[in-house]
Amino acid sequence: MFACYLHRAVSIAVCLAFSTGLLAQTPAEFSATSATASFSNDKKTLVLAGEDDWSPYSAAEKPGADTDSSPVGFSVDLVRAALASQGIQVKIINVPFARCMLYAKSGQVAGCFNATITDDNRADYVWHQPAMFEEELSIFARADADVPELRLADLRGKRVAYTNGYTYPSEFMHDSRILKSVAVSDAALIRMLLAKRVDYILLNRTPGGMRINNTPEFKGRAKRVGLLSMDGFWVAFSKQHPQGESLAQAFSAGLAQMRRDGSYQRLQDEFRKRVHYR
């Protein structure tokens with residue numbers, strides 16, 4: 001089920017000196033350069049990473065595009081707006097979610113979205129408050145499944161697949177009674193289900209439902225059959241980045257300001273209307 005994330009605030013002016021040439025470098029070059037990147041009170045440019053495959057929250061506008069292109073979606077708009085309210089401009093690169101979290105954990109970028117907080121990652125990042133938004137982590141089955149509304153306990157003894165690199169509730173991940181399989185992407189996950197390789201899969205409700213309904217090979221062949229959790233999504237700010245903690249505070253302040261002045265609700269209402277959020 002940002003992805004990261006993801007799923008993200010005070011008196012500090014921030015700038016990360018990223019040029020077009022830097023963003024075209026290899027990951028190794030990117031790491032070495034970003035480790036010595038300087039900040040300036042003049043430019044106020046912040047580099048974050050957003051996941052590239054979690055529409056409608058954060059996804060590459062053109063699949064397969066390089067990381068210099070920015071993702072699009074509700075999370076992207078919200079991150080930009082919250083930081084802009086604090087006078088911070090944002091450069092967002094798009095990368096696969098697992099790499100996004102790794103970049104943030106190692107300090108190669110200042111943060112990654114859309115991430116959920118779990119027992120396994122809680123200590124690895126700096127977390128803002130409140131969450132950016134909430135999204136249901138749903139249980140999906142094939143369309144012909146005749147089952148009641150399922151919960152975590154109902155998955156024990158069943159074959160259940162999830163997407164590699166995404167953040168899932170610790171209660172699910174550490175339950176050895178659930179027969180787990182891993183897919184490389186949400187699309188591959190749905191294909192596993194339809195091929196009857198697993199009984200159920202985990203997808204966030206809005207992204208999962210949209211992917212199924214908007215993909216001809218999936219449409220009408222899978223459906224939501226239960227709830228695993230209702231999760232908040234955050235920007236996972238980097239502990240290794242010199243401005244990570246201050247940026248988390250800045251983002252918290254931006255979210256609070258948007259909630260007070262009504263701009264958060266307007267942004268969310270427009271988004272939900274556009275994607276038929278349930």
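Trainee: Is Cys100 buried or exposed?

Mentor: Cys100 counts as buried, because its relative accessibility is 0%, where buried means under 20% relative accessible area, exposed means over 50%, and partly exposed lies in between, with a 1.4 Å probe and protein chains only. Keep in mind that this is a predicted model, in which local features need pLDDT of at least 70 and side-chain atom pairs count only at pLDDT 80 or more, while totals for chains, interfaces and linings use all residues. Residues are numbered from 1 along each chain as its sequence is written, and side-chain values use heavy atoms, with hydrogens and water left out.

Trainee: OK, and what does Cys100 join up with?

Mentor: A disulfide joins Cys100 to Cys112, with an S to S distance of 2.0 Å; the term is used for a pair of cysteine sulfur atoms within 2.5 Å. The pair links distant parts of the chain, since Cys100 sits in helix 4 (residues 97-106) and Cys112 in strand 6 (residues 111-115), 12 residues apart. Helices (H or I, at least four residues) and strands (E, at least two) are DSSP runs, numbered from the N terminus.

Trainee: Is Cys112 buried or exposed?

Mentor: Cys112 counts as buried, because its relative accessibility is 0%.

Trainee: Which hand does the disulfide have, and why?

Mentor: The torsion about the S-S bond of Cys100 and Cys112 is about 120°, so the disulfide is right-handed.

Trainee: How many disulfides turn up in the whole structure?

Mentor: A search of the whole structure finds one.

Trainee: Switching to sheets: what is the strand order in the open sheet of three strands?

Mentor: The order is 2-3-4, with antiparallel pairing, and two strands pair if DSSP finds at least two bridges between them. Strand 2 (53-54) and strand 4 (71-72) stand at the edges with a single partner strand each, so one side of each has no neighbour in the sheet.

Trainee: And how many bridges hold strand 3 and strand 4 in that pairing?

Mentor: Strand 3 (residues 58-60) pairs with strand 4 in the antiparallel sense over two bridges, and Ala60 stands opposite Pro71 in strand 4.

Trainee: Where does Val95 lie?

Mentor: Val95 lies in strand 5 (residues 89-95), and it counts as buried because its relative accessibility is 0%. Its C-alpha atom is separated by 9.6 Å from that of Ser69, 26 residues apart along the chain.

Trainee: Last one: what does the chain contain overall?

Mentor: The chain has nine helices and 12 strands, and of its 278 residues, 53% count as buried.
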